[in-house]
Amino acid sequence: MTAEDIRGGREIEGRIVKAANDKTRVVAIEQRTAHRLYGRGIKRVSKLVAHDEKNQSGVGDTVRVRECRPLSRSKRWRLVEILIKHRED
């Protein structure tokens with residue numbers, strides 16, 4: 001357990017959309033909001049780069065990530081757990 005685990009930070013759930021690099025995952029976070037004027041639901045997707053130390057996740061998995069110190073130029077999140085493992089047939 002590291003100091004970051006004790007201190008914590010924001011935790012977000014998302015889906016892995018890219019797992020091409022070693023120990024790096026791109027996670028898509030889907031946000032649903034209502035349009036200000038028309039009230040219709042809008043889906044907004046933002047992507048973030050997360051660190052997966054054990055390379056245990058793959059594309060399509062639903063994961064929980066936690067904010068952490070900067071690990072590289074783009075990585076500011078760390079994979080906490082895999083919530084739903086995507087089946088590959």
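This is a predicted model: local features need pLDDT of at least 70, side-chain atom pairs count only at pLDDT 80 or more; totals for chains, interfaces and linings use all residues.
# Notebook: strand pairing, core and salt bridges

Residues are numbered from 1 along each chain as its sequence is written, and side-chain values use heavy atoms, with hydrogens and water left out.

**Entry 1. Elements and pairing.** I listed 1 helix and 5 strands in the chain. Read from the N terminus, their order is α-β-β-β-β-β. I took helices (H or I, at least four residues) and strands (E, at least two) as DSSP runs, numbered from the N terminus. For pairing I required that DSSP find at least two bridges between two strands. E1 and E2 are antiparallel and pair over 3 bridges. In their hairpin, with 5 residues between the strands, I noted a positive phi near 60 degrees at Lys-23. E1 is also joined to E4, again antiparallel, by 5 bridges. Within that pairing, Gly-14 has Val-63 in E4 as its bridge partner.

**Entry 2. Core.** Which residues make up the largest nonpolar core? I found 9 residues: Ile-16, Val-27, Ile-29, Leu-48, Ala-50, Val-63, Val-65, Trp-77 and Leu-79. At least two core residues come from each of strand E2 (24–34), strand E3 (41–51), strand E4 (62–67) and strand E5 (77–84). The term nonpolar core denotes a set of buried Ala, Val, Leu, Ile, Met, Phe, Trp, Tyr and Cys residues joined through side-chain atoms within 4.5 Å. In soluble globular proteins, nonpolar side chains tend to be buried together.

I then looked up the surroundings of Ile-16, counting as contact any heavy atoms within 4.5 Å. Neighbours within four places in sequence aside, Ile-16 is in contact with Arg-25, Val-26, Val-27, Ser-57, Gly-58, Val-59, Gly-60, Asp-61 and Val-63.

**Entry 3. His-51.** A polar atom of the His-51 side chain lies 3.3 Å from the backbone oxygen of Lys-23. Beyond four places in sequence, I recorded contacts of His-51 with Lys-23, Leu-71, Lys-75, Trp-77, Arg-78 and Leu-79.

**Entry 4. Salt bridges.** I counted 9 salt bridges in the structure, each a side-chain nitrogen of Lys or Arg within 4 Å of a carboxyl oxygen of Asp or Glu. One of them joins Arg-66 and Glu-11 at 2.4 Å, N to O. Arg-66 lies in strand E4 and Glu-11 in strand E1 (residues 11–18), so this pair ties together parts 55 residues apart in sequence. Arg-66 is buried at 17% relative accessible area, whereas Glu-11 is partly exposed at 39%.

Glu-30 and Arg-32 form another, at 3.7 Å, N to O. Here Glu-30 is partly exposed, with 47% relative accessible area, and Arg-32 is exposed, with 60%.

Asp-61 and Lys-85 also meet in a salt bridge (3.3 Å, N to O). This pair links distant parts of the chain, since Asp-61 is in the loop between E3 and E4 and Lys-85 in the segment after E5, 24 residues apart. Asp-61 counts as buried, at 1% relative accessibility. I also traced one network, in which salt bridges that share partners join Glu-11, Glu-13, Arg-64, Arg-66 and Glu-81.

**Entry 5. Ile-84.** I checked Ile-84, which is found in strand E5. Why does Ile-84 count as exposed? Its relative accessibility is 54%, and the class begins over 50%. Residues up to four places away aside, Ile-84 touches Asp-61 and Thr-62. Its C-alpha atom is separated by 9.9 Å from that of Ser-57, 27 residues apart along the chain.

**Entry 6. Whole chain.** I noted that 28% of the 89 residues in the chain are buried. Of the contacts between residues at least 6 apart in sequence, 48% join residues at least 24 apart. The chain exposes about 6700 Å², with 47% of that area supplied by carbon and sulfur atoms; accessible areas come from the Shrake-Rupley method with a 1.4 Å probe, and for residues only the protein chains shown count as cover.

Terms used:
Buried means under 20% relative accessible area, exposed over 50%, partly exposed in between (1.4 Å probe, protein chains only). A polar contact is a pair of N or O atoms within 3.5 Å; within protein, one must be able to donate a hydrogen and the other to accept it, and residues adjacent in sequence count only if both atoms are side-chain atoms.
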